[in-house]
Amino acid sequence: MVDLYPQGKNHELMPQVQLPIFPAGTTSITPALAFQNRDGRVLSFNGHLPVFMHAVEDFGPFRLFASQLIVNGTASQRQVVEAFGVPLVTVKRCVKRLRERGAGAFFNPAQRKQGSKLTPERLAQAQSLLDLGRSVPAISQEMGVLKSTLHKAIDDGRLKQSIKKKKVVRAAAP
């Protein structure tokens with residue numbers, strides 16, 4: 001057996017440098033990172049090794065991955081903007097979201113704001129006017145609330161609109 005490291009000599013192992021060799025058809029992010037759109041999936045590579053994958057239409061994982069590249073110092077905001085063609089302001093928002101709220105923030109649905117125009121009292125008032133057969137535009141004008149606000153409340157089930165019956169015109173008998 002041959003001793004590759006004879007005693008008496010100080011041999012240290014040198015780390016191997018990975019050449020930036022990417023599969024054909026990739027787009028460079030940094031000299032060491034690239035991505036490729038393949039069969040409806042986006043694959044990210046470090047050299048020739050795939051490191052991340054997500055569906056093309058799945059923006060949460062993409063935003064998380066791009067933000068992690070920036071936060072970890074692997075890529076700059078400029079490199080992400082140029083490689084993926086996304087606006088700089090979007091990149092900055094995503095990085096801020098990752099730093100402030102963590103990775104889960106990219107997968108939670110956005111919080112809906114509660115409307116301030118239709119309080120429970122005003123909902124009751126609008127419902128009584130609808131029950132009287134008043135139209136949405138008339139109620140909107142009377143209450144000072146947008147028609148779209150009332151329609152959203154109807155669509156959400158917070159207001160019930162009575163279904164108008166069509167008048168049937170009958171022909172006179174001969």
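A crossing of two helices is called left-handed if the near helix is turned anticlockwise from the far one by less than a right angle, and right-handed if clockwise. With that in hand, welcome to this predicted model, where local features need pLDDT of at least 70, side-chain atom pairs count only at pLDDT 80 or more, and totals for chains, interfaces and linings use all residues. Residues are numbered from 1 along each chain as its sequence is written, and side-chain values use heavy atoms, with hydrogens and water left out.

**The α5/α6 pair**

- The crossing of α5 and α6 is right-handed; helices here are DSSP runs of H or I with at least four residues, strands are runs of E with at least two, and both are numbered from the N terminus.
- Val136, Pro137, Ile139 and Ser140 of α5 meet Lys147, Leu150, His151 and Ile154 of α6, where contact means heavy atoms within 4.5 Å.
- By class, the residues of this contact are five nonpolar, two polar and one charged (Ala, Val, Leu, Ile, Met, Phe, Trp, Tyr, Cys and Pro count as nonpolar, Asp, Glu, Lys and Arg as charged, and the others, Gly among them, as polar).

**Nonpolar cores**

- The largest nonpolar core has 17 residues, and Ile29, Phe35, Val80, Phe84 and Val91 touch the most other members; such a core is a set of buried Ala, Val, Leu, Ile, Met, Phe, Trp, Tyr and Cys residues joined through side-chain atoms within 4.5 Å.
- At least two residues of this core come from each of β2 (33-38), α1 (59-71), α2 (77-84) and α3 (88-101).
- Helix α1 gives the most to this core, with five residues.
- A second, separate core of 13 residues includes Leu130, Met143, Val145 and Leu159.
- Not counting residues up to four places away in sequence, Phe35 touches a set of residues including Gly25, Ile29, Val42, Leu43 and Phe84.

**Met143**

- Met143 lies in helix α5 and is buried, with a relative accessible area of 9% (buried means under 20% relative accessible area, exposed over 50%, partly exposed in between, with a 1.4 Å probe and protein chains only).
- Leaving aside neighbours within four places in sequence, Met143 is in contact with Arg122, Gln125, Ala126 and Leu129.
- Met143 and Arg122 are 21 residues apart along the chain, and their C-alpha atoms are separated by 8.4 Å.

**His54**

- Strand β4 (residues 49-55) holds His54, which is buried with a relative accessible area of 7%.
- Setting aside its neighbours within four places in sequence, His54 is in contact with Arg41, Val42, Pro61 and Phe62.
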